[in-house]
Amino acid sequence: MNKQTVLYPKHQQMGAKLVPFGGWDMPLHYGSQLQEHHQVRQDAGMFDVSHMTVVDLQGPGVKSYLRHLLANDVDRLKNEGKALYSCMLNEQGGVVDDLIVYYLSEEWFRMVVNAATTDKDLAWMEKQSAGFELKITPRRDLAMVAVQGPNAKSKTLPLLSEKLQQAGELKPFNALADGDWFVASTGYTGEDGFEIMVPGDQAADFWQALSDAGVAPCGLGARDTLRLEAGMNLYGTDMDEQISPLEAGLAWTVAWEPEERQFIGRGPLEAQRKDPQKKKFVGLVLTGRGVLRNHLKLFNGEQEIGEITSGGFSPTLERSIAFARVSPDVGERCEVEIRGKRIPAQVVKPPFARQGKAVLAL
Amino acid sequence: MSNAPTDRRYAKSHEWIKDEGDGSLTIGITDHAQELLGDLVFVDLPEVGQSLDAGGDCAVVESVKAASDVYSPVSGEVIAINEALDGAPETINEDAFGEGWMFKVKASDMAELDGLLDAEGYDALVAEEE
């Protein structure tokens with residue numbers, strides 16, 4: 001039996017096609033995934049992301065704990081509400097999960113972790129907390145709604161408390177709290193917008209108010225094509241416990257300085273950093289006909305050079321795009337094997353589209 | 001619920017096939033099939049002149065979600081393809097039984113049609129799946 005978010009009755013009422021995802025029954029789309037995608041690029045759409053888990057970390061040891069736990073360095077966070085994207089690694093340098101961590105005070109940080117990984121994340125975090133003085137509290141009482149698109153903020157702000165209306169001034173990757181409401185200028189689409197934590201018992205009314213304000217409900221299908229276009233990784237697909245951030249295009253999230261900070265996985269990562277054979281993580285645009293899919297093999301002549309990690313159709317580019325992990329000597333072009341045929345593709349640097357537009361010159 | 005037109009036959013793999021009365025048969029996928037697939041973004045059709053075996057895969061439809069093979073309900077030779085689908089695969093979502101047709105064949109054995117479902121039989125199959 002899958003879990004349901006507090007917004008499940010709203011999804012049913014709004015005609016969602018519900019599918020199992022990470023142990024939850026979640027909306028795939030509400031009619032047309034393509035229309036929802038365009039709605040977010042051109043206007044405003046909302047996603048129920050309550051299946052993800054908010055975790056509060058509180059105590060005098062919290063900062064030193066997180067500097068040990070995470071590959072990025074929370075010491076970079078100095079202002080209340082400031083957010084940081086990071087990987088949480090295992091001892092081998094593989095990715096346990098990717099997450100966002102918010103600074104609320106010197107003794108209070110807040111994390112948002114993936115749905116399917118929540119149980120193992122919490123177990124890992126508890127295990128690593130030995131010797132640090134802090135309390136780890138999953139906030140199951142909070143729902144979470146992402147409102148994304150060029151008109152997302154203007155449609156959302158009038159529905160918020162007076163204090164939270166100042167969220168209109170937030171710079172990217174910053175958040176503002178009012179009681180249990182928490183508004184962050186973050187997202188997973190490459191568009192302007194908010195991710196909003198809301199007390200569970202107020203979530204359905206808030207969702208309805210957003211809908212009444214002209215924000216279209218959007219499902220996981222559009223969420224996936226939007227994040228792919230925006231060049232954002234998906235845990236479990238683009239990286240997992242066997243893959244380090246250095247082979248998943250996430251080297252920019254590893255804080256190597258200061259050198260004496262011994263975060264979990266640092267040793268193997270340092271060794272891999274110097275390895276000329278380590279794989280590259282690139283974008284692909286299919287120039288021939290077809291659709292790129294996860295796990296398709298890539299070739300340079302007869303030599304197999306890698307595999308697609310996430311592939312699909314880009315509604316903004318009207319072409320098929322993908323992320324791929326390839327050998328370091330990859331050139332500007334390669335071939336993808338689709339149903340026994342070799343189809344040409346161009347190797348590019350993501351993102352593919354942001355803020356309503358294609359960002360690649362094709 | 002389904003509403004398969006009664007002027008044609010159906011394969012269990014969700015293709016429809018219509019006898020045009022001039023020796024040609026038009027083939028497409030059903031409205032139920034397009035609904036299961038979601039928004040279509042790519043269609044790969046057979047080539048004119050290609051010979052097909054009943055039950056053999058001969059085309060591919062790809063949606064935002066996944067790729068799906070299309071099987072020829074009968075044996076025969078491809079005599080026309082719906083080239084308009086190349087730039088507008090969504091036509092199948094909008095009108096699976098009409099403008100969204102995929103290809104036409106000249107059947108080698110019209111009796112193969114008798115082994116296919118009629119509209120009532122197809123509707124029952126869909127009802128069973130749901």
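Q: How many Å separate the centres of domain 1 of chain A and domain 2 of chain A?
A: The model is predicted. Chain A is divided into domain 1, covering 8–50 + 140–229, and domain 2, covering 279–358. Taken over C-alpha atoms, the distance between the two domain centres is 30 Å.

Q: Which element gives the largest share of the side of domain 1 of chain A that touches domain 2 of chain A?
A: In this contact, 12 residues of domain 1 of chain A meet 12 residues of domain 2 of chain A. On the domain 1 side, the elements giving two or more residues are α2 (33–42) and α7 (220–229) of chain A. The largest share, five residues, comes from α2(A).

Q: How many residues on that side of domain 1 of chain A are charged?
A: By class, the side of domain 1 of chain A that touches domain 2 of chain A has three nonpolar and five polar residues. The number of charged residues there is four.

Q: Which residues have the most contacts inside the largest nonpolar core?
A: This core has 125 residues. Domain 1 and domain 2 of chain A each supply at least three of its residues. The residues with the most contacts inside the core are Val145(A), Val147(A) and Val183(A).

Q: Which elements give two or more residues to the side of chain A that touches chain B?
A: Between the chains, 11 residues of chain A are in contact with eight residues of chain B. The chain A side divides into three nonpolar, seven polar and one charged. The elements that give two or more residues to this side are α2, α7 and β16 (303–314) of chain A.

Key
Residues are numbered from 1 along each chain as its sequence is written. Chains are lettered from A and ligands numbered from 1 in the order in which they are written. This is a predicted model: local features need pLDDT of at least 70, side-chain atom pairs count only at pLDDT 80 or more; totals for chains, interfaces and linings use all residues. Domain bounds come from an automatic or database domain assignment. Two residues are in contact if their C-beta atoms, placed from the backbone, lie within 7 Å. Helices (H or I, at least four residues) and strands (E, at least two) are DSSP runs, numbered from the N terminus. Ala, Val, Leu, Ile, Met, Phe, Trp, Tyr, Cys and Pro count as nonpolar, Asp, Glu, Lys and Arg as charged, and the others, Gly among them, as polar. A nonpolar core is a set of buried Ala, Val, Leu, Ile, Met, Phe, Trp, Tyr and Cys residues joined through C-beta atoms within 7 Å. A residue is buried if 20 or more other C-beta atoms lie within 10 Å of its own, exposed if 12 or fewer, and partly exposed in between; C-beta atoms are placed from the backbone.
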